[in-house]
There are 2 protein chains.
Amino acid sequence: MTGLARFSLNQQTVRQWSLPELAAGCAAEGVRHVGLWRGPVQEYGAAAAGRLVRQHGLTVSSLCRGGFLTAADPPARAAALADNRAAVEEAAEVGAAVLVLVVGGLPPGPGRLVDARERVAEALGVLAPYAAGHGVRLAIEALHPMYASDRSVVSTLRQALDLAERFPADRVGVVVDSYHLWWDDTVAGQLARAGKGGRIAALQLADWVTPLPEGALLGRGQLGDGCIDLRWFFEQAGAAGYRGPVEAEIFSTRLWSRDGAEVLAETLERYRRYVMPLPQVVADPEIVQGVTER
Amino acid sequence: MTGLARFSLNQQTVRQWSLPELAAGCAAEGVRHVGLWRGPVQEYGAAAAGRLVRQHGLTVSSLCRGGFLTAADPPARAAALADNRAAVEEAAEVGAAVLVLVVGGLPPGPGRLVDARERVAEALGVLAPYAAGHGVRLAIEALHPMYASDRSVVSTLRQALDLAERFPADRVGVVVDSYHLWWDDTVAGQLARAGKGGRIAALQLADWVTPLPEGALLGRGQLGDGCIDLRWFFEQAGAAGYRGPVEAEIFSTRLWSRDGAEVLAETLERYRRYVMPLPQVVADPEIVQGVTER
């Protein structure tokens, strides 16, 4: 296994690339996994996109994203469920084993986070069996608390696990994303809990840099540019039993303005430097003993 | 006690006002407390600022802010301690019983949040007795996790209490700020913990609105404009035993571009509508009985 065997390039890191460019670019660098997004997949055709990446020796580590399941009024809920069923079908067609769910923010009007999370749980009760029927595992992604109002009422790994654990582990897991979770001092314990339950369905990495841009969405940092201990996430997920792909998912207008191949090469270099295990220094017992005795 | 007896206007809500304008503007509206900031207080002179607000019948609910105590290298630490001693002296001079501390973010270079929090604790060990000697209580403010790298390695009320509880309650308390804490589903329990320990030193309110502006700092929402249940914070703090001032602290370029008096009037109207207790419906026992029997 080369060092890159687990690396996955999430499509949003090189949004400037078309799907064929992504597939060819990844193959050229020996990348084996990609994370895809519904928009470009729909445009290309999900089945065709699946064939394209397979032809380039790539597996699809995840499809982003379903979710937005917090609406209270019946027509909006029905529309959200229909859209998520379509997302499940697209995941199956493109060959993604995991469909990432961003659960949605607070709907307009008075409402409480806890109620919105309950509506997500209800929706998962409908969607999880549907996804299982398509061979697709749902994965709840906790988003940074700065998105709690407009994108995700699930802000911590604990909340994501509280939701996921209402369902069988092979049907509903969680996404572990360094960008969303790095600040939380309970995350080590929750990673262990996730591992014990076999709930880690995906691992995504981006670094945290400031200042945040307007909207707080497209200012993620290239691996190593920020303050997150990315190797810690890699190792903790490993210690918890996760052996799957490791996606670099970096929404960044700065990266998008550059040449895609250059961005991928840089991302791989950063992955080797900041994520992959450090070389083990194998101690020679005699030398160690000699040092000790001196 | 009028409904406004506990309302406090934090100076940053009407940054367009000078200190004399603030004092006169608050007095004109019957406001009894103000939260002040070190910059304008230093410019005016702390003792003079204290006299000015007292002449207008105002007390100073808090002085913002000391802190930024996470640096690791000795010269930076010494400078931070000196600056915080000055902040304590200014708080005493201006007549503020509480000095708000924003503890600081991650210093440059590799480092862990937990280590940075330990350095804050060490600094508090020096500053808390100094502040007590000046009749000033330190109050640790948990800032929203989106500020964890550059402003505050204390992101939750639990972390703030973990730090504060290493010191006597009359020396180190916590600030409860709706803007920073609203997303956290453990906050009710932590508010109760804070109340039980007599740790709530200040209550600040702002609403959460999106999109966040660049830098994520100056886009707080006027009370009632966002998604936070502000009355819940008021009531929970009350249930936990807090009876002190309630500061409206709204950093917002939108508010700053308007007339200060208009902003204060609007803030008071919003405070009455979204924060103050709803009128108690006092049931007439006979009528209630009648209804029950019917």
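Predicted model: local features only at pLDDT ≥ 70, side-chain atom pairs only at ≥ 80, totals over all residues.
**Neighbours of the strand**

Next I looked up which strands pair with S5(A). One is S4 of chain A (residues 98-102), which pairs with S5(A) in the parallel sense over 4 bridges. Opposite A:Leu138 of S5(A) I found A:Leu99. Another partner is S6 of chain A (residues 172-177), and this pairing with S5(A) is also parallel, over 4 bridges. Here A:Glu141 has A:Val175 in S6(A) as its bridge partner. I followed the chain from S5(A) to S6(A): the path goes through helix H6 of chain A (residues 157-164), and this β-α-β crossover is right-handed.

**Helix H6**

The buried ones in H6(A) are A:Leu157, A:Gln159, A:Ala160, A:Leu161, A:Leu163 and A:Ala164. I wanted to know what they pack against, and found helix H5 (113-133), S5, S6, helix H7 (178-181) and helix H8 (187-196) of chain A.

**Chain A as a whole**

Stepping back, I noted 12 helices and 8 strands in chain A. The radius of gyration of chain A is 20 Å, close to the 19 Å that the globule rule gives for 294 residues, so chain A is as compact as a globular protein of that length. I also looked at the extent of the C-alpha trace along its principal axes, which is about 75 × 40 × 40 Å. Of the 294 residues in chain A, 51% count as buried. For contacts in chain A with a separation of 6 or more, 80% come from residues 24 or more positions apart.

**The two copies**

I laid chain A on chain B: a turn of 180° with a shift of 0.0 Å along the axis does it, at an RMSD of 0.0 Å. The two copies are thus related as by a two-fold rotation axis. Which residue of chain A comes closest to the rotation axis? My search gave A:Glu214, with its C-alpha at 2.0 Å. The same surface serves both copies, as 100% of the contact residues of chain A recur in chain B.

For the interface I found 22 residues of chain A in contact with 22 residues of chain B. On the side of chain A that touches chain B, the residues divide into 13 nonpolar, 6 polar and 3 charged.

**A helix in chain B**

Last, I turned to helix H9 of chain B (residues 230-239), where B:Leu230, B:Phe233, B:Phe234, B:Gln236 and B:Ala237 are buried. The cover over these residues of H9(B) includes strands S6 (172-177), S7 (200-205) and S8 (246-248) of chain B. Helices H7 (178-181), H8 (187-196) and H11 (260-274) of chain B are also included. Just after H9(B) I noticed B:Gly241, which takes a positive phi of about 100°.

How values were computed
Residues numbered from 1 in each chain as written. Chains lettered and ligands numbered in written order. Least-squares fit on C-alpha atoms with pLDDT ≥ 70 in both. Contact = placed C-beta atoms within 7 Å. Nonpolar A, V, L, I, M, F, W, Y, C, P; charged D, E, K, R; others polar. Helix = DSSP H or I, 4+ residues; strand = E, 2+ residues; numbered from the N terminus. Rg over C-alpha atoms; globule rule 2.2 N^0.38 Å. Buried ≥ 20, exposed ≤ 12 C-beta atoms within 10 Å, placed from the backbone. Pairing = 2+ DSSP bridges. Right-handed = clockwise from strand over helix to strand, strands pointing away.
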